[in-house]
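Subject: Structure handover

Hello,

Here is the structure for you to look over. My notes come after it.

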Amino acid sequence: MLKRFQKKPRPTYRQVRVNHGLCLYCGVCVGTCPANAIFLRSTHLNISEESCTSCERCLLACPMHALTIVDMQPRVIV
Amino acid sequence: MKPSYDVIVVGAGPAGSVAARKAALSGLRVLLIEKRQEIGTPVRCAEAVGREATRPYIEPDPRWIDATVDAFAIYNSCGDSVKLPPTETTLVVNRKVFDFQLALLAARAGAEVRTSAAAGGLVMEDEAVKGVRVESLGRSETIRAALVVAADGVESQTARWAGLKTVPPLADTFLGVEFLLAGLKGRIDPQVCEYHLDQRMAPGGYLWAFPKGEDTANVGLVMPPEQAKIQSPLSFLEQFVAKRYPESSTLAVISGGIPVTGAIKTLVTNGLVVVGDAAHQADPLTAGGINLGMFAADMAMQVAVPCVQDGDTSASRLQEYERLWQKRYGKEHRALYKIRKMVSGMSQERLDELVRQAACLPLAELSLGQVLLALLKNDPLLLLEAGTLMATGLIGK
């Protein structure tokens with residue numbers, strides 16, 4: 001019983017990451033995000049994990065291909 | 001800072017500054033907020049405006065005019081080109097100075113301008129917008145106003161917070177990348193704006209080279225996301241520049257996007273109007289939006305100022321702006337939208353052929369309508385699409 005529980009893969013979630021080396025802070029992603037999850041302040045782009053639905057529209061809308069989506073595993077705090 | 005305002009304008013681009021100035025000149029208390037630390041930056045634009053269409057809002061000034069253009073040259077992939085006179089004298093401007101001067105005019109008219117001041121949310125009461133939560137230099141405060149003007153451009157969130165549908169369909173968003181190139185002496189004509197229709201270099205979109213002096217130019221491209229999925233617009237542009245302008249210097253890298261859908265249906269809600277790129281008011285064919293944004297801002301304030309003065313900024317009163325916009329641009333933009341779809345769907349062979357045929361016509365003596373008509377005679381296939389062209393009024397029936 002305990003063994004089976006341990007084998008179960010941890011639930012993953014997807015998170016949008018910004019490549020700050022490519023991002024020019026033009027804001028196209030902000031306008032195309034249907035969840036209002038992206039915030040831009042001068043040269044700071046912030047994606048709200050709570051609001052993001054991982055729809056990937058922003059990835060397609062970025063002229064610089066500066067956004068990527070990564071599979072994340074929740075950290076287990078013991 | 002005043003205790004409250006009649007109008008808060010979000011975004012100090014051309015549309016926002018024109019709206020703020022107009023409202024301030026009418027005696028209203030106006031706050032114009034800009035989230036960037038410096039007005040006019042970062043530039044996200046090819047920087048072309050019509051001289052006469054700009055004049056009502058700002059007197060042409062050499063401080064922001066980089067080039068005066070008297071012809072547009074359209075190139076095909078074989079290097080053939082058609083030179084067309086523009087419908088009006090076109091200026092290639094320095095947006096940093098241009099936007100700054102427009103904001104300065106708003107400030108001089110009495111509007112209070114604040115930079116590094118972002119809208120963080122709206123004050124909503126009884127389904128009406130009553131103000132803005134302004135985040136500025138580490139402070140967050142709620143500022144009330146009778147009217148909020150959403151002029152926050154392509155990254156608009158303000159109108160969406162109020163419930164308007166401003167998320168553009170992905171297929172109708174042009175993605176753009178541009179370099180400001182130097183070292184082009186002899187390789188550009190400082191009086192000619194170039195367009196390049198090349199499906200291999202910019203699939204589904206087009207490239208441009210707009211002169212900014214004898215040896216500098218904005219060289220860029222736009223393309224739809226579908227085509228940009230596999231290869232980034234940046235790498236397409238790098239290929240084009242390497243081929244056409246080798247050994248040039250890149251003085252600026254610019255990226256941006258333009259919703260090319262034609263204006264959104266609902267431009268107003270209780271206590272709020274949307275103007276400019278935030279309302280998708282850019283030209284659905286060329287994606288040019290500066291003049292249209294300023295025009296829309298002026299039109300919106302023409303309607304909204306009396307509403308604020310009467311103390312009634314309900315959607316039903318503000319809707320007059322929506323009606324006026326539809327009357328002026330609704331039909332035209334729907335037709336331009338169709339033309340863009342038609343052109344972007346053409347094969348490279350047909351585009352090449354069209355430009356080659358047009359190049360043989362005595363263009364200086366013909367109107368644009370006559371040119372299109374002559375092309376139709378040569379290309380029966382185009383006749384099938386003539387309905388679209390007729391709808392624009394470019395050719396007669």
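Below are the findings, starting with how to read them.

This is a predicted model, in which local features need pLDDT of at least 70, side-chain atom pairs count only at pLDDT 80 or more, and totals for chains, interfaces and linings use all residues. Residues are numbered from 1 along each chain as its sequence is written, chains are lettered from A and ligands numbered from 1 in the order written, and side-chain values use heavy atoms, without hydrogens and water.

Confidence
The model has ipTM 0.86 and pTM 0.90. Chain B has a mean pLDDT of 90, and 90% of its residues reach 70 or more. (pLDDT is the predictor's confidence in each residue, from 0 to 100.)

Cores
The largest nonpolar core holds 76 residues. (Such a core is a set of buried Ala, Val, Leu, Ile, Met, Phe, Trp, Tyr and Cys residues joined through side-chain atoms within 4.5 Å; buried means under 20% relative accessible area, with a 1.4 Å probe and protein chains only.) Helix H7 (290–310) of chain B gives the most to this core, 13 residues. (Helices are DSSP runs of H or I, at least four residues; strands are runs of E, at least two; both are numbered from the N terminus.) Val7(B) and Tyr321(B) have the most contacts inside the core. Beyond four places in sequence, Val7(B) is in contact with residues including Ala23(B), Leu147(B), Met301(B) and Val308(B). (Contact means heavy atoms within 4.5 Å.)

Sheet
Seven strands of chain B form an open, mixed sheet, in the order E6-E5-E13-E14-E15-E12-E16. (Strands pair if DSSP finds at least two bridges between them.) Its edge strands are E6 (81–84) and E16 (249–259) of chain B. E5 (71–75) of chain B runs antiparallel to E6(B), joined by four bridges. There, Ile74(B) stands opposite Val82(B).

H6 (233–244) of chain B lies across E5, E12, E13, E14 and E15 of chain B, at about 35° to E12(B). H9 (348–359) of chain B lies across E5 and E6 of chain B, at about 55° to E6(B). (Axes are lines fitted to C-alpha atoms, for helices over the stretch in contact; angles run from 0 to 180 degrees between N-to-C directions.)

Helix H3
H3(B) covers residues 95–108. Its buried residues include Arg95(B), Phe98(B), Asp99(B) and Leu102(B). Among the elements covering them are H1, E2 and H7 of chain B.

Regards

Methods. Buried means under 20% relative accessible area, exposed over 50%, partly exposed in between (1.4 Å probe, protein chains only). The expected span of a helix is 1.5 Å times one less than its number of residues.
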